[in-house]
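Work through the following exercises with the sequence and the coordinates side by side.

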Amino acid sequence: MRSKHQISSLFLTIFLLLILGCNTSPLRKSIRSRHPCKEMVFYFHDIIYNGKNSKNATSAIVGAPAWGNHTILANQNHFGNVVVFDDPITLDNNLHSPPVGRAQGFYIYDKKEIYTAWLGFSFVFNSTAHKGSINFAGADPLMNKTRDISVIGGTGDFFMTRGVATIMTDSFEGEVYFRLRVDIKLYECW
Amino acid sequence: MRSKHQISSLFLTIFLLLILGCNTSPLRKSIRSRHPCKEMVFYFHDIIYNGKNSKNATSAIVGAPAWGNHTILANQNHFGNVVVFDDPITLDNNLHSPPVGRAQGFYIYDKKEIYTAWLGFSFVFNSTAHKGSINFAGADPLMNKTRDISVIGGTGDFFMTRGVATIMTDSFEGEVYFRLRVDIKLYECW
Amino acid sequence: MRSKHQISSLFLTIFLLLILGCNTSPLRKSIRSRHPCKEMVFYFHDIIYNGKNSKNATSAIVGAPAWGNHTILANQNHFGNVVVFDDPITLDNNLHSPPVGRAQGFYIYDKKEIYTAWLGFSFVFNSTAHKGSINFAGADPLMNKTRDISVIGGTGDFFMTRGVATIMTDSFEGEVYFRLRVDIKLYECW
C-alpha cells in the first residue's frame with residue numbers, strides 16, 4: 001500500500017512537472033498555429049490623382065518608366081508605375097463609411113503583359129477598437145479573383161503578428177477608383 | 001512484483017503523456033529549426049530597358065535622382081535609381097531555359113561610393129512543382145561575392161515560411177543584363 | 001526498500017526524459033519571448049540632397065508626384081516623395097561620431113494632411129561588434145513622439161531575428177537634416 005501511495009504522489013509530481021516544463025518554455029505567451037488566432041475583414045479605397053481630382057485623390061503616381069508620366073498610368077499595363085497611397089479603411093464596402101484606419105504605403109505595377117503589382121504597406125489603426133499597425137508585403141497578381149500576400153509584422157495591438165492576407169478586387173471603376181477587400185488571417189499572435 | 005508492474009505501466013503512461021504533451025502544443029504543425037526545413041536554388045535574369053530593347057527588357061528605371069533619367073542608370077554608382085522588374089526564374093543559369101516562375105518587385109541603388117542595392121520582391125510560382133509565392137526583403141551589397149537577404153513570408157506552398165536567401169551575381173554583362181543565383185534556405189516551414 | 005529505490009530511479013529517468021523531450025523539440029536553439037532577447041539603441045543621420053550639398057548629402061529624392069520635383073520636397077507635406085538613403089549609424093547622437101554601420105533603403109512620404117512616411121530599409125553592420133543586417137518595414141507617423149515599426153528579419157549576427165523598433169525624431173533641422181533614434185527590441189533570436 002505504501003508503495004502505491006508513493007507511486008500516486010510520484011505520478012502527480014511528474015504530471016505537474018510536465019505541465020510546468022511545457023509552460024515555462026519561451027513559447028508560453030505566444031500562439032503559433034495552423035488555425036488563425038485572429039481573423040479580420042476590411043476594405044480600402046484608392047482614388048488615384050489624375051490631374052483633376054486633387055481634392056478627392058488618396059494616391060499619386062510618383063514613379064514611371066521612360067515612356068510614362070506622373071498624371072496618367074503608363075501603357076503596357078502600367079508597367080513601372082509607382083503609386084503612393086493613403087487610403088481610408090472601412091468595415092464595409094462603402095467609400096463613405098466612417099474610416100477605421102488608413103492603409104499607407106505603395107504599389108508598383110510590375111508586368112508588361114498583364115496587370116500585376118507588388119505591395120508594401122501598413123494598416124494604421126488609432127481607434128477604440130484597434131491601436132497599432134499591421135505591415136504587409138507581397139505580390140498581387142491582380143487579375144486573379146483572390147491573391148495572398150504576407151503579414152510580415154505588427155505593432156501595438158498587433159505586436160509581432162504574422163499571417164496571410166487574401167486580397168479581392170471588390171470594385172474597379174475606370175483607372176481612377178478601386179476598392180480592395182482584405183481578409184486578414186493571423187497565425188502568430190503574441 | 002505487483003509494484004514493479006505498476007511502475008512499468010506508470011512509466012508507459014507518463015511516457016505517452018510526455019509525447020502527447022509536447023505534441024499538442026501550438027507548435028505541432030510548424031517546423032522551426034536551425035537546420036533548413038527546405039532548400040532550393042534558382043536563377044533569375046534581369047534585362048534593363050535602355051531605350052532600344054523594349055522587346056527583351058524585363059525591367060525599367062522608374063525613379064532617379066535629380067541628376068539622372070529613366071533611360072540610363074545614373075552616375076555615382078546609380079545612387080537613387082529605382083528599378084521595377086518582372087524577371088524569369090530558371091532552374092539553371094540559362095536565360096533561355098523554360099521559366100519556372102517570375103521574380104517581381106523592385107531594387108533601389110542606394111550608395112554613391114560603390115554599388116549597393118535594397119531589394120523588395122517576390123518569387124511567384126504557378127507550376128506543377130510549386131504554387132504560391134516567397135517574399136524577400138533586404139540589403140544587397142552587390143560587390144560582395146555572396147550576400148544574405150531575408151525571406152519575410154510566403155503563401156501557397158510556402159505558407160508562412162521564413163528564412164534566408166543567399167544571392168550571388170552569376171553573370172553581369174555591361175549595364176543591361178545580370179543574372180543572380182539565389183540559394184533559399186527556409187528555417188520556418190508550416 | 002527495493003520498490004522505493006525503483007521509484008527513485010524511475011523518477012530520475014522520467015525527469016531526464018522530460019528535459020530531453022522538451023530540449024529536442026525544434027525550438028531548442030531559438031528564443032521566442034515577450035521579454036526582449038536583445039536590445040540595442042542606435043542613431044542614424046539623414047542629409048537630403050537639395051541641389052547644393054552633393055558632397056554631404058546621404059539621401060536623394062528619387063520619386064515625386066506630378067506637382068513635385070527631385071530637388072525640393074513637394075508641398076502637401078511632401079506627399080508622394082520617394083527618398084533613397086545611405087545614412088551613417090552612430091552609437092550616440094553626434095553626426096561626426098565614427099559610424100558603426102549604414103542605414104540603407106527608402107522612405108516615402110504618404111499623407112497630404114500631415115507628415116507620415118513608410119519605411120523599408122536595413123541596418124548593415126560590418127564591424128568587430130556586429131556583422132550582418134537587420135531588416136525593417138513599417139509606417140512612420142512622424143509627428144508622434146515615438147512610433148513603432150517591425151523588424152522583419154535579419155542575417156549574420158541577426159540571423160532570422162524579429163522584433164519591434166521604436167523610432168524617435170532626435171533632431172530636425174529645416175528640411176535638410178534629421179536624426180532618428182532607434183530603440184531595437186528583438187523578441188525572436190536564433
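**Exercise 1.** In strand 5 of chain C, which residue is the bridge partner of C:Ile89?

Before the solution, some conventions apply: this is a predicted model, in which local features need pLDDT of at least 70 and side-chain atom pairs count only at pLDDT 80 or more, while totals for chains, interfaces and linings use all residues. Residues are numbered from 1 along each chain as its sequence is written, chains are lettered from A and ligands numbered from 1 in the order in which they are written, and side-chain values use heavy atoms, with hydrogens and water left out.

*Solution.* Begin with the strands themselves, which, like helices, are DSSP runs numbered from the N terminus (helices H or I, at least four residues; strands E, at least two). Strand 4 (residues 82-90) of chain C runs antiparallel to strand 5 of chain C, and eight bridges join them; two strands are said to pair if DSSP finds at least two bridges between them. Within this pairing, C:Ile89 has C:Gly101 of strand 5 of chain C as its bridge partner.

Next, turn to the pairing with strand 6 (residues 117-126) of chain C, where strand 5 of chain C is again antiparallel, over nine bridges.

**Exercise 2.** Decide how many of the nine residues of strand 5 (residues 101-109) of chain C are buried, and say what follows for the strand.

*Solution.* The classes are set by relative accessible area: buried means under 20%, exposed over 50%, and partly exposed in between (1.4 Å probe, protein chains only). By that scale eight of the nine residues of strand 5 of chain C are buried, so the strand is largely enclosed by the rest of the structure. As background, in a regular strand the side chains alternate between the two faces of the sheet.

**Exercise 3.** Describe the disulfides of the model, giving for each its sulfur distance, its handedness, its place in the chain and the accessibility of its cysteines.

*Solution.* A disulfide is taken to be a pair of cysteine sulfur atoms within 2.5 Å, and by this rule there are three over all chains.

- Chain A: A:Cys37 is joined to A:Cys189, S to S 2.1 Å. The torsion about this S-S bond is about 85°, so the disulfide is right-handed. Because A:Cys37 lies in the loop between strand 1 (31-32) and strand 2 (38-47) of chain A, and A:Cys189 in strand 10 (residues 177-189) of chain A, the pair ties together parts that are 152 residues apart in sequence. A:Cys37 is partly exposed at 28% relative accessibility, whereas A:Cys189 is buried at 13%.
- Chain B: the sulfur atoms of B:Cys37 and B:Cys189 are 2.0 Å apart, and their torsion of about 85° makes the disulfide right-handed. B:Cys37 has a relative accessible area of 28% and is partly exposed, whereas B:Cys189, at 15%, is buried.
- Chain C: C:Cys37 and C:Cys189 form a disulfide with an S to S distance of 2.0 Å, right-handed with a torsion of about 85°. C:Cys37 is partly exposed at 27%, and C:Cys189 is buried at 15%.

**Exercise 4.** Trace the hairpins that involve strand 9 of chain B, and name the residue with positive phi in each turn.

*Solution.* Start with strand 8 (residues 146-156) of chain B, which runs antiparallel to strand 9 (residues 162-173) of chain B and is joined to it by six bridges. In this pairing B:Val151 stands opposite B:Gly163. The two strands form a hairpin with five residues between them, and B:Met160 in the turn has a positive phi of about 65°.

Continue with strand 10 of chain B, which pairs with strand 9 of chain B in the antiparallel sense over 11 bridges. B:Ser171 stands opposite B:Arg179 there. This hairpin has three residues between its strands, and in its turn B:Gly174 has a positive phi of about 55°.

**Exercise 5.** Is A:His96 buried or exposed, and where in chain A does A:His96 lie?

*Solution.* A:His96 is placed in the loop between strand 4 (82-90) and strand 5 (101-109) of chain A. With 70% relative accessibility, A:His96 counts as exposed. From A:His35 it is 61 residues away in sequence and 33 Å away in space, C-alpha to C-alpha.
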